[in-house]
Each structure stands twice: as structure tokens, then as C-alpha cells.
Amino acid sequence: MTDPRNETHATTKYPPGRYGRRREPQPRRRWLVFALAGVVALAGLAIAWQLYAQYGPQDYEPQVQRFYNVTDDGVTVEFVVRKDPDKRATCRVRARSASGQEVGLAQVDVPPGAEAFVTYRLATSARPVTAEVPACGPLQSR
């Protein structure tokens with residue numbers, strides 16, 4: 001008596017035309033899978049590098065600490081700029097009204113120091129509701 005577990009599928013005969021035609025097994029292309037995975041990994045690294053360069057640590061990092069003494073014609077802004085200790089900087093200070101319109105703008109020079117603290121009174125054309133320091137860069141001569 002034969003053991004049915006030892007039978008192979010190669011001996012199984014299917015009725016012709018009932019299950020469609022059988023395909024021959026195709027050779028595996030593992031190299032293609034690895035090549036595609038490598039391309040995807042390189043693309044991911046390139047995107048990560050670009051985002052790091054765009055949004056990573058910057059040479060000048062301003063941060064508003066507070067703004068106060070808000071009047072119809074001005075606002076006082078306190079901010080800190082983190083940078084190389086020996087560099088001087090120029091920062092843009094801006095105020096906006098309740099409608100989002102820019103009502104005050106100034107270029108403020110920042111003294112040397114790793115963390116330079118600045119207090120600046122910004123004149124405005126209308127009552128501001130917020131003040132910000134959107135950008136800082138190397139000292140600009142005027």
C-alpha cells in the first residue's frame with residue numbers, strides 16, 4: 001500500500017480546458033527587488049537630507065520672548081537670537097493687526113553674543129495684536 005502523503009503534484013492530471021492553461025514557473029528576479037529597494041532607500045535619504053537642510057538648525061534662530069505695552073501706535077518686543085557668539089545680526093521685527101495686515105516693520109541690529117537678548121519698541125500705523133521676528137541674518141550695513 002502506498003502512502004498518499006508521498007504523492008507529488010506532478011502526477012496529478014487535470015481535465016483539459018477546465019482550469020485554463022498552466023504556466024511554466026518563471027525564474028525569480030530577486031535582483032530586481034533589491035535594486036528597487038535600493039532606489040527607494042536612496043530617494044528617501046535624499047528627501048530627508050533636503051528637509052534637514054531646509055528646516056534643521058539654522059545659523060540665526062530668533063525667538064520672541066514676549067510683547068507688551070501695546071498701544072495704537074506701537075508695541076514693545078523682547079526677543080532672543082541664538083547664533084555664533086562672535087557674529088552680529090540683523091533681524092526683521094514685524095507687527096500685525098487683528099485683520100492680519102502688517103502694521104509695523106523694522107530691521108533691528110543684534111549685538112554679538114551666543115544668546116543676544118533684544119528689547120525693541122516698534123512703531124505701528126494701527127493697533128497691533130501680535131509681534132514676531134520672522135527672520136534674522138548677517139549684519140546688514142545701512
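**Exercise 1.** Determine how many bridges join strand 2 to strand 5, and in which sense the two strands run.

*Solution.* Strand 2 and strand 5 (residues 115-123) run antiparallel and are joined by nine bridges, where strands are DSSP runs of E with at least two residues, numbered from the N terminus, and two strands pair if DSSP finds at least two bridges between them. Within this pairing, Phe79 has Val118 of strand 5 as its bridge partner, while Arg82 stands opposite Glu115. The model is a predicted one, in which local features need pLDDT of at least 70, side-chain atom pairs count only at pLDDT 80 or more, and totals for chains, interfaces and linings use all residues. Residues are numbered from 1 along each chain as its sequence is written, and side-chain values use heavy atoms, with hydrogens and water left out.

**Exercise 2.** Work out the order of the strands in the open sheet, and which strands stand at its edges.

*Solution.* Begin with strand 1 (residues 61-71), which pairs with strand 2 in the antiparallel sense over eight bridges; the two form a hairpin with two residues between them, and Phe67 stands opposite Val77 in strand 2. The open sheet of three strands then has the order 1-2-5, with antiparallel pairing. Strand 1 and strand 5 stand at the edges, each with a single partner strand, so one side of each has no neighbour in the sheet.

**Exercise 3.** Decide whether strand 2 is largely enclosed or open.

*Solution.* Of the nine residues of strand 2 (residues 74-82), seven are buried, so the strand is largely enclosed by the rest of the structure; buried means under 20% relative accessible area, exposed over 50%, and partly exposed in between, with a 1.4 Å probe and protein chains only.

Note on methods:
Helices (H or I, at least four residues) and strands (E, at least two) are DSSP runs, numbered from the N terminus.
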